[in-house]
Amino acid sequence: PRGEASRRYYQDAAIRAVLEKIAQGKNRALLFLATGSGKTFIAVNLLKKIADAGALRRALFLCDRDELRNQALSAFQNVFGSNAAAVSGSNTQKNARILIATYQTLNIASDEEDAKFLLDNYPENYFSHIIIDECHRSAWKKWSMVLRRNSQAIQVGLTATPRHWEGGSK
């Protein structure tokens, strides 16, 4: 596992940029970096810095495929050990500080889903920090319910494919 000393300059810059937004009182950030630039590694190290500062209560890392969940779980466990756990239909992982879940597990992968798992297991503002991997893939689904139900959380989107935001800022 790569530690703090092996982060690349752009990974440090991305972490610093998000921390600066948080320090300015903003609770949303979008990081867009090229495929293979280590977005999950950045997410792990960002949450580590936040945890070290005593500001991490409970985090959700949300992704769209089991393969990405498994990769993220390994990366988070390298740093957080058993405090990072994968959410499954049979295990809500409420004892872990960092939950790694897919949209499918939370029942929010499409507009036809009822979000039952999310609604039944995680009350409003349950998460203090939410990181959404590959957030460009899910912009049209029910997943935004996670953000609305955790409006007080620091929310970070990760993508390699940013969309143009009409009249907005990133």
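Author: The protein exposes about 8700 Å², and carbon and sulfur atoms supply 48% of that area; accessible areas come from the Shrake-Rupley method with a 1.4 Å probe, and for residues only the protein chains shown count as cover. This is a predicted model, in which local features need pLDDT of at least 70 and side-chain atom pairs count only at pLDDT 80 or more, while totals for chains, interfaces and linings use all residues. Residues are numbered from 1 along each chain as its sequence is written, and side-chain values use heavy atoms, with hydrogens and water left out.

Reader: What makes up the secondary structure of the protein, and in which pattern along the sequence?

Author: There are five helices and six strands, following the pattern α-β-α-β-α-β-β-α-β-α-β along the sequence. Helices (H or I, at least four residues) and strands (E, at least two) are DSSP runs, numbered from the N terminus.

Reader: How do you know which strands are the edge strands of the sheet?

Author: The six strands form an open sheet with parallel pairing, in the order β1-β6-β5-β2-β4-β3. The edge strands are β1 (28-32) and β3 (84-86), each of which pairs on one side only. From one strand to the next, the twist averages 15°.

Reader: Why is β6 called mostly covered?

Author: Buried means under 20% relative accessible area, exposed over 50%, and partly exposed in between (1.4 Å probe, protein chains only). Six of the six residues of β6 are buried, with I154, V156 and L158 on one side and Q155, G157 and T159 on the other. In the protein, buried residues make up 46% of the 170 residues.

Reader: Which strands does helix α2 lie across, and at what angle does it run to β5?

Author: Helix α2 (residues 39-52) lies across β1, β2, β4 (98-102), β5 and β6 (154-159), running at about 175° to β5. Helix α3 (residues 66-80) lies across β2, β3 and β4, at about 170° to β4. Contact means heavy atoms within 4.5 Å; axes are lines fitted to C-alpha atoms, for helices over the stretch in contact, and angles run from 0 to 180 degrees between N-to-C directions.

Reader: Why is the pair of Y9 and Y10 called edge-to-face?

Author: Rings of Phe, Tyr and Trp (its six-membered ring) pair if their centres lie within 6.5 Å, and planes under 30 degrees apart count as stacked, over 60 as edge-to-face and the rest as tilted. Y9 and Y10 lie 5.5 Å apart centre to centre with 90° between the planes, so the pair counts as edge-to-face. At 70% relative accessibility Y9 counts as exposed, whereas Y10, at 24%, is partly exposed.

Reader: How do you know that R58 lies over the face of Y126?

Author: A charge sits over a ring if NZ of Lys or CZ of Arg is within 6 Å of the ring centre and within 35 degrees of the ring normal. R58 lies over the face of Y126 at 4.0 Å from the ring centre, and K94 lies over the face of Y122 at 5.9 Å. Ring pairs link Y122 and Y126 with F117 and F127 into a cluster.

How values were computed
Two strands pair if DSSP finds at least two bridges between them.
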